[in-house]
Amino acid sequence: MSLSSEKSTITAMERRVGFGVLLGLAAIAFGIYTVQFRFNPAVTARQTLPEAAVAQSEFSLADLAPNGVAPFSPPERFDPDTLSDKINGKAELYFSAGFVALTARRFALADDPSLWFEIFVYDMGTARNAFSVFSMQRRGDLEAGGPTVFSYATPNGLFLAHGRYYLELVGAKASDKLMAAAGNMATAFVARVGGDTAEITEMAVFPEKGLVGDSRSLVAADAFGIDGFDQVFTAQYLNDGGGFSAYVARRDSDEAARVMAATIRDFYLEYGGTPLDGPDGLSVIDILDTIEVIFHQGRYVIGVHEAPDKDTALALAGQIRQRLQEADDDGN
Amino acid sequence: MTGINRREFIQRSVKAGLVSASALGAGWWLHDTAPPALEPSARALAGLPDFSRPYDGRPAMAIAKGTDRETLVMRAIGALGGMARFVRPGDRVVVKVNAAFASAPAICATSHPELVTAVVKACFNAGAADVVVTDNPINDPASCFRLTGIGPAAEAAGGRVALPTADQFAGVTLAGARLIRDWPVLVGPLGDADCLIGLAALKDHHRSGASMTIKNWYGLLGGRRNVFHQDIHTIITELAALVRPTLVILDAVTAMMHNGPTGGSVSDLARTNTLIAGVDPVAVDAAGAEILGRELSGLPHLRQAADAGLGTLDYRTLNPVNVP
């Protein structure tokens with residue numbers, strides 16, 4: 001029997017049954033494929049006391065220790081699978097910002113071992129990510145200062161972003177002597193790595209007038225409660241005693257920026273905002289007696305959040321737009 | 001089927017047989033006869049012993065104000081009826097501290113050594129035969145107990161530090177639980193204990209909103225427990241059901257207000273000058289949440305625990321004793 005003649009013998013019922021069987025098999029295959037990823041952690045992850053990984057960084061932190069400072073513990077290195085073994089519940093903050101690896105080690109003053117500090121070197125993959133975790137954890141009552149543009153000191157700690165790295169140097173006590181040693185080590189690290197993070201365009205477009213010092217930060221995800229609005233640089237402003245903020249976020253394309261700006265506009269309208277007249281291309285919304293301005297320029301989404309009045313919001317938005325133009329950076 | 005002769009039928013049957021045999025053979029060849037190795041626990045334990053004491057009419061909770069931890073804890077426990085209410089002569093006591101991180105006491109990420117000393121001493125003064133101080137830290141256990149000062153403090157007061165070793169864990173299943181099912185739990189120190197005292201520090205927590213006395217039981221879990229961070233409120237609620245302590249103590253003399261649970265800077269801390277002791281962990285944590293400035297809506301595990309009948313969310317209804 002030839003193939004063509006064989007086909008002609010297949011009845012409609014047989015064809016339906018055949019497709020039914022194939023669909024059933026496909027459903028079973030899909031089910032197996034899906035279920036195989038649902039491991040029971042009680043069975044697959046019962047390592048009760050995992051050993052700390054050995055440091056594998058490209059350079060040894062011990063080599064950066066200044067005179068009079070000696071290693072106090074073995075080096076440790078953690079990756080995304082093991083970061084929780086070091087910092088537990090705070091690990092998710094780093095995961096959301098693109099964490100790559102952590103290298104940590106304790107050092108003590110040779111003449112007083114009770115004075116020790118631990119250095120945490122978080123490799124965040126990019127300077128943006130490093131600045132994100134730096135800004136999200138920035139403490140109040142901080143003292144500016146340190147070896148990089150983005151650094152600050154507390155009585156027992158030094159915190160800084162440098163290139164793709166976020167560093168914490170945490171002292172066991174609030175000691176000037178100890179923190180001086182930690183500062184020297186941070187400086188040595190910066191010298192070894194080179195470069196800095198100040199070249200991020202979004203950081204440079206916030207006008208200085210009215211800007212609250214050290215208020216620039218990077219929100220890694222869901223800024224202002226808007227799903228998908230990630231990697232958003234924000235800055236706080238003061239105007240006649242009232243506070244408001246501005247934000248700038250770069251998207252992958254002009255179209256993505258346009259869609260994001262529309263999403264933000266719709267978000268505020270959905271929550272009761274009233275659209276106001278504004279310049280072409282700018283959405284101006286009155287919501288709860290504050291003003292939102294949203295627009296996009298090239299790959300950038302730009303906005304002013306909770307401004308006290310329309311004029312103030314539009315003035316700041318215009319300044320940011322002008323700065324972006326001056327920077328000759330449309331994100332492409 | 002029509003139009004098929006005997007020869008074709010045999011040919012097709014042979015082909016179908018070969019395909020089936022190939023599939024079966026491949027399955028047999030790929031079959032893994034060596035399943036993943038399990039911990040040597042033949043059978044999961046059904047929960048943990050209940051260390052709580054029957055209600056006897058005495059105060060359920062005391063809130064002490066001040067700055068000296070030793071003084072505060074003695075006053076608070078005194079207001080509850082004294083340590084003799086909880087520890088009987090000859091009892092074996094387990095003190096579950098928070099030694100999660102190998103950080104200095106000044107960071108306040110762990111139980112304060114002064115408080116450990118005071119509680120261990122109080123247990124012995126009440127007639128305890130043995131006081132074991134334990135935890136399953138995040139970091140290397142020996143370093144954690146040493147650098148936090150908890151180990152030396154416990155031993156200085158006559159207590160014993162029980163570091164978690166693999167043989168101290170056993171699979172535990174909590175009836176009706178979704179997460180604690182044949183999960184390794186640090187049961188070794190609890191095996192012959194008569195009393196269980198939880199000693200927690202009041203802290204912000206990036207995932208759960210706050211770390212207090214119930215969250216402190218997280219340190220009894222073994223395995224890759226970080227998987228529970230994805231469902232943090234459920235696991236804390238289940239811990240509230242799993243662990244029924246004799247007494248819990250929440251150290252809020254200095255609270256970690258931000259950047260918890262690890263902190264790292266003394267600027268994350270605030271002097272809140274309070275210590276809370278009680279027999280109802282939900283109530284104690286509800287009071288702690290106020291000090292930390294957290295709304296209960298942001299701590300759903302407390303409401304879930306209360307709804308499950310594991311404690312009292314409105315702690316004021318317990319008429320806590322305020323100790324000046």
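Q: What pLDDT does chain B average?
A: Chain B averages 93, and 96% of the residues score at least 70. Keep in mind that this is a predicted model.

Q: Where in chain B does pLDDT stay under 50?
A: Over residues 37-41 of chain B. For that stretch the model has seven contacts beyond four places in sequence.

Q: And what ipTM does the complex get?
A: The predictor gives an ipTM of 0.74, along with a pTM of 0.73.

Q: OK, on to strand E8 of chain B. How many of its residues are buried?
A: Eleven of its eleven, so to speak residues 195-205 are mostly covered.

Q: Which residues sit on each side of E8(B)?
A: One side has Cys195(B), Ile197(B), Leu199(B), Ala201(B), Lys203(B) and His205(B). On the other you find Leu196(B), Gly198(B), Ala200(B), Leu202(B) and Asp204(B), and both faces are covered.

Q: In which sense does E8(B) pair with strand E3 of chain B, parallel or antiparallel?
A: Parallel, over four bridges, with E3 spanning residues 92-96. Val93(B) stands opposite Cys195(B) there.

Q: How many bridges does E8(B) have with strand E10?
A: Six, with E8(B) and E10 (residues 247-256 of chain B) again in the parallel sense. Among the pairs, Gly198(B) has Val248(B) as its bridge partner.

Q: What about strand E9 of chain B, parallel or antiparallel to E8(B)?
A: Antiparallel, joined by three bridges, with E9 covering residues 209-211. His205(B) is opposite Gly209(B).

Q: How many residues are between E8(B) and E9(B)?
A: Three, and the two strands form a hairpin.

Technical notes: Residues numbered from 1 in each chain as written. Chains lettered and ligands numbered in written order. Predicted model: local features only at pLDDT ≥ 70, side-chain atom pairs only at ≥ 80, totals over all residues. Heavy atoms only, no water. pLDDT = per-residue confidence, 0-100. Contact = heavy atoms within 4.5 Å. Buried < 20%, exposed > 50% of the residue type's maximum accessible area, 1.4 Å probe, protein only. Pairing = 2+ DSSP bridges.
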